[in-house]
Amino acid sequence: MFQKFESLSRPETARDRVIALRSLFDDLGVDAILIPKSDEYLGEYIPLCAERLAWLTSFTGSAGSALILRDSAIAFTDGRYTAQIVSQCDASIFMFEDMVSNPPSKWIQDNGSQKLQVGIDPWTLPSASVKKLQDAVDHINGTLVMLDNNPIDTIWQDQPNQPLEPVSIQPLDVAGQLTKDKLIQIKSDLSESDTDTVIIADPLSIAWIFNIRGNDIAHNPVPLARAIINKEDEPLLFIDKRKLDMEIEAYLNQLADLRPPSEFDDVLKDLGRAQARVQIDPNSSSHAISMILTDNGAQTIEAADPTSLPRAIKNNAELKGSAHAHVVDGAAMVTFIAWLKSQKPSDLTEIDVATKLENTRASMGEQHQCPLKDISFDTILGSGPNAAIIHYRVDEDSNRNLQDGEMLLVDSGGQYVSGTTDITRTIGLGKVPDNQKRYFTLVLKGMIDISLLRFPQGTRGVDIDAFARTALWKSGLDYGHGTGHGVGSYLAVHEGPQSISKRAMVKFQSGMIVSNEPGYYREDAFGVRIENLVYIHKARDIENGEQRMLGFETLTLCPIEKDLIIQSMLTKEQLDWLNSYHKRVLEELSPLIKDEDTQKWLTEATRPL
């Protein structure tokens with residue numbers, strides 16, 4: 001099993017740990033310390049040794065921070081985790097704030113006492129965030145204190161070791177481009193911008209550039225590493241050689257000068273002393289990197305990671321690999337749902353179902369020479385009221401039996417060498433009340449409307465997010481998360497810079513993969529989400545149109561539950577899309593389905609409305 005189900009949240013531990021952290025304040029010269037979710041590599045997902053926020057607060061969500069003051073503490077997260085943070089954190093210790101509308105910087109500016117001394121570990125925050133914090137403390141005549149060491153590491157007695165998982169090579173037939181060609185392009189970009197060097201601080205970018213994968217972070221096939229690429233010299237790759245076997249080390253030695261991570265700071269200082277012009281991404285690079293460079297004389301140039309856009313625009317090999325992964329994953333999902341429909345709900349727990357799904361994925365991948373390397377995130381599988389928790393993770397404490405008449409929300413995915421999948425299906429268990437079917441249909445209408453869109457060059461996610469919400473808005477409803485996120489190619493399941501949300505400003509380009517996942521959640525009652533992955537196809541002619549248009553092609557292949565649809569609520573165009581989609585699902589998945597009962601279920605599930 002890739003997923004574990006033990007409860008990781010222990011709210012009762014927070015009081016002693018917060019007290020221990022406060023005991024360091026005087027020696028550190030601070031009145032408050034900010035502990036973000038992020039680690040030294042600023043990834044959304046982090047290794048166990050860096051789960052400092054979870055260790056301190058007991059909150060296990062993927063986005064958040066805690067501001068610990070001498071006499072109060074505030075825990076911040078976004079709309080995905082509003083219910084979760086309240087249930088996992090001790091409300092007698094923590095106040096709760098929305099990190100979007102009232103992030104730590106705004107809270108400090110509005111509520112911080114005069115001359116407040118706020119300590120941060122500059123390795124765990126990007127420069128963009130540090131600037132906002134600096135502005136906030138300046139507003140109250142305070143001081144932002146850069147701590148030499150992370151204070152949590154001082155009091156976390158049984159902190160796990162740094163991961164040393166083995167590195168593998170991503171085959172060229174799925175990578176689609178040689179590392180040397182990627183490096184040539186990066187160096188060319190440096191020359192054009194009159195920049196000497198670029199710091200690659202994001203492990204996802206390292207994996208993509210060097211066509212390697214790792215396992216230092218659960219469900220994210222990346223090695224923790226950094227690189228410095230000079231427009232003239234050999235790249236420097238900072239990676240622990242204990243992760244490399246002889247073959248991998250020989251491969252990487254042809255591409256870069258391999259250095260231990262312990263030398264990274266010294267090389268930054270050398271760049272400073274050479275007064276180099278160094279490009280850094282203020283959003284994906286630790287503020288400590290900027291500090292070391294500028295303190296030693298370098299000129300830093302803020303610009304986006306030069307790999308983030310090329311990595312997001314999938315080449316033909318990556319798109320082909322993703323399509324293959326989705327066929328295998330779709331066959332696994334069909335096999336799983338057909339099995340679930342044959343069971344008595346009350347005989348199953350959420351953990352039983354999550355375990356069955358993972359085993360089904362592994363079995364299907366093995367049958368079709370597309371092995372499941374990992375799941376792409378801990379499965380979000382909630383029944384009844386648990387489905388209303390947007391990023392619910394079942395554990396031994398929250399586990400419940402399924403019940404007839406409920407809806408089961410299953411958001412899951414697989415990591416295959418050829419691609420990363422992410423799919424959500426909301427499944428009816430027995431006779432679901434008609435009022436819940438109404439919400440399901442409203443969500444479905446939004447998902448289909450995104451699928452049908454055609455849009456001109458230059459369109460951004462912010463421009464189309466409302467299409468997914470229109471049916472819900474007309475009914476006075478909404479959901480508290482984005483409509484879509486980028487997805488990597490056997491990399492992170494959440495990949496930028498593209499997305500579909502109210503804040504998504506990156507222009508869509510052909511080859512980008514993005515999720516399409518509107519939802520609706522009634523607290524303590526039920527939840528609905530329907531998600532397909534889509535990619536942006538090249539601009540096409542529109543009949544009688546005046547310009548070519550981009551659009552979405554669907555990658556995900558799995559029936560959408562017809563028994564939960566109120567057909568009269570769908571327009572003809574929406575119904576035609578659904579029937580066409582189901583026809584394609586049947587045609588592409590049937591050759592992989594060998595079990596007769598599963599094939600019968602698939603045939604019925606895709607029968608046109």
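Author: Start with the lining of the second largest pocket. By class, this lining has 10 nonpolar, four polar and 11 charged residues. That makes 25 lining residues for the second largest pocket. Glu 40, Tyr 41, Gln 162, Arg 226 and Pro 261 are the ones that lie nearest its centre. The space in this pocket comes to about 580 Å³. Keep in mind that this is a predicted model.

How is such space found? Rolling a probe the size of a water molecule over the atoms shows where empty space is left.

The largest nonpolar core has 83 residues. Within this core, Phe 336, Leu 340, Leu 444, Phe 552 and Ile 560 touch the most other members. Helix 15, residues 316-341, gives the core its largest share, 10 residues. A second core is separate and has 30 residues. Leu 190, Val 198, Leu 244 and Ile 248 are among its members.

Neighbours within four places in sequence are set aside here. Beyond them, Ile 560 is in contact with Arg 425, Phe 440, Leu 444, Met 447 and Ile 530, and also with Trp 577, Leu 578, Tyr 581 and His 582. One of these partners, Leu 444, is itself among the core residues that touch the most other members.

Next come the charged pairs. The whole structure holds 38 salt bridges. Helix 19, residues 572-589, contains both Asp 576 and Lys 572. These two side chains form a salt bridge, with the closest N and O atoms 2.7 Å apart. They sit four residues apart, about one turn of the helix. Are the two partners buried or exposed? Asp 576 is partly exposed, because its relative accessible area is 39%. Lys 572 is exposed, because its relative accessible area is 63%.

Helix 19 holds another such pair. Glu 587 and Lys 583 meet in a salt bridge at 2.8 Å, N to O. They too lie in helix 19, four residues apart, about one turn of the helix.

Then look at Glu 604 and Arg 607. Their side chains meet in a salt bridge at 2.9 Å, N to O. Glu 604 counts as partly exposed, because its relative accessibility is 43%. Arg 607 is partly exposed as well, with a relative accessible area of 42%.

Some charged residues join in a network. Salt bridges link Asp 202, Arg 311, Lys 314 and Glu 495. Glu 495 also falls in strand 23, residues 495-500, and so does Pro 497.

A cis peptide bond joins Gly 496 and Pro 497, with omega about 5 degrees. Most residues other than glycine have a negative phi, and most peptide bonds are trans.

Lys 115 is not a glycine, yet its phi is positive, about 65 degrees. Lys 115 lies in the loop between helix 5 (104-111) and strand 5 (117-120). This lysine counts as exposed, because its relative accessibility is 62%. Asn 141 also has a positive phi, near 60 degrees, in a residue other than glycine. Asn 141 is placed in the loop between helix 6 (127-139) and strand 6 (143-146).

Technical notes: Residues numbered from 1 in each chain as written. Predicted model: local features only at pLDDT ≥ 70, side-chain atom pairs only at ≥ 80, totals over all residues. Heavy atoms only, no water. Core = buried A, V, L, I, M, F, W, Y, C linked by side-chain atoms within 4.5 Å. Buried < 20%, exposed > 50% of the residue type's maximum accessible area, 1.4 Å probe, protein only. Helix = DSSP H or I, 4+ residues; strand = E, 2+ residues; numbered from the N terminus. Contact = heavy atoms within 4.5 Å. Salt bridge = Lys/Arg side-chain N within 4 Å of Asp/Glu carboxyl O. 1 Å grid on protein atoms, 1.4 Å probe; cavity = no way out; pocket = protein on both sides within 12 Å on 5 of 7 lines; lining within 4 Å. Points joined across faces, edges and corners; volume = space filled by probe spheres on them. Nonpolar A, V, L, I, M, F, W, Y, C, P; charged D, E, K, R; others polar.
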